Amino acid sequence: MPNRLVVALAYDRLSTFEFGIAVEIFGLPRPEMGPDWYRFAVCAIEPGPLRAIGGFQIMADGGLELLDQADTIVIPGWRGAHSEPVPTVLIEALRKAHDRGARLMSICSGVFVLAATGLLSGRRATTHWHHVENLSTIYPDIKVEPDVLYVDEGRVLTSAGSAAGIDLCLHVVRADFGPEIANRLARRLVVPPHREGGQAQFIERPVPPAREGLRFAPLFDRMRARLGEEQPVAELAAEAGMSVRTFLRRFKAATGQPPGEWLLNERLVRARELLETTSHSIESIADATGFGSAATLRHHFRARLGTSPAAYRSRFAQAADRQASKSKKPPLGAADFSLEG
């Protein structure tokens, strides 16, 4: 759908940062992205004036009637998280929009608005790690994923805390326009196209000494360079100049994950990139990224991403094909995965 309409909700005591993410990615004019880029509008869910956190007011483009036209609806972090009731009129409007085919996505505590609609019942979802326990307690029928940056359940998507909204929005752009456009936008934002790991790395924990970062950084680079190989813990510990016990403790302190979990996430990131940007067989990609077999890759894809490698590739191939018909640019290279100012 060219020029699809993205509508961001606005309300009194608006979460400014999360709202700003939606504006930055969907609301800015971006002629370099082509003529089919998103249209954007702000929907006030209640009469004004609407005060945003930070001391300014929002002038919205319209009220809840905008949701009748929206292709995508963005719900910023909700005021008071779980303690502030969601207006019934908003719940009904969101359900109606979803029923007619709109895509709904929440950032951070905006998941409590989606949860109140009942649309997350029986589905996976995430939120800021600080709210995970409350979400699980209040809505036990939701399959809460505590250690991911975002969850895509088709037309209902949720992100973890604040900045993870950027990851989710880039994921949506990638689904709509293909990896080349998403990577180009990521470079404009000076963020990686795929952020590594889950939100466990951001949960409060003692800050590792600076020397640990210096010691592990070269090892991380070497581990990424040989994802297709076996990487036994004993050999990694020897490379780091530590005993196995010390290595495991310090690796987890530095990354929030044991080495095996860290490697699994890195392998999935690389597999996703290859599925998006190459025509290699799934078996070849599984071998190149260290999964060994297509069956193992499918297992981890299903467990972590809720889809199969073939379905993932198909989704992004459709968006890439739409862009290829409008552009004669050369295929992606390694430089397309680096950051530029």
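Modeller: Axes here are lines fitted to C-alpha atoms, for helices over the stretch in contact, and angles run from 0 to 180 degrees between N-to-C directions. Helices (H or I, at least four residues) and strands (E, at least two) are DSSP runs, numbered from the N terminus. This is a predicted model, in which local features need pLDDT of at least 70 and side-chain atom pairs count only at pLDDT 80 or more, while totals for chains, interfaces and linings use all residues. Residues are numbered from 1 along each chain as its sequence is written, and side-chain values use heavy atoms, with hydrogens and water left out.

Biologist: How do you know how α5 and α6 are placed relative to each other?

Modeller: Two packed helices are described by the angle between their axes and the distance between the axes. For α5 and helix α6 (residues 179-189), the axes come within 7 Å and cross at roughly 145°. Contact (heavy atoms within 4.5 Å) is made by L170, V173, R174 and F177 of α5 with P179, I181, A182, L185, A186 and L189 of α6. These residues divide into nine nonpolar, no polar and one charged, where Ala, Val, Leu, Ile, Met, Phe, Trp, Tyr, Cys and Pro count as nonpolar, Asp, Glu, Lys and Arg as charged, and the others, Gly among them, as polar.

Biologist: Why are α10 and α12 called roughly perpendicular?

Modeller: The axes of helix α10 (residues 259-277) and helix α12 (residues 294-305) come within 11 Å and cross at roughly 100°. Angles of 65 to 115 degrees count as roughly perpendicular, those under 35 as roughly parallel, those over 145 as roughly antiparallel and the rest as oblique, and α10 and α12 are therefore roughly perpendicular to each other. Their contact divides into seven nonpolar, two polar and three charged residues.

Biologist: Which residues touch the most other members of the largest nonpolar core?

Modeller: A nonpolar core is a set of buried Ala, Val, Leu, Ile, Met, Phe, Trp, Tyr and Cys residues joined through side-chain atoms within 4.5 Å. The largest one has 73 residues, of which F26, L67, L90 and V173 touch the most other members. Its largest share, seven residues, comes from helix α5 (residues 164-177). Leaving aside neighbours within four places in sequence, L90 is in contact with L9, I45, L64, L67 and V113.

Terms used. Buried < 20%, exposed > 50% of the residue type's maximum accessible area, 1.4 Å probe, protein only.
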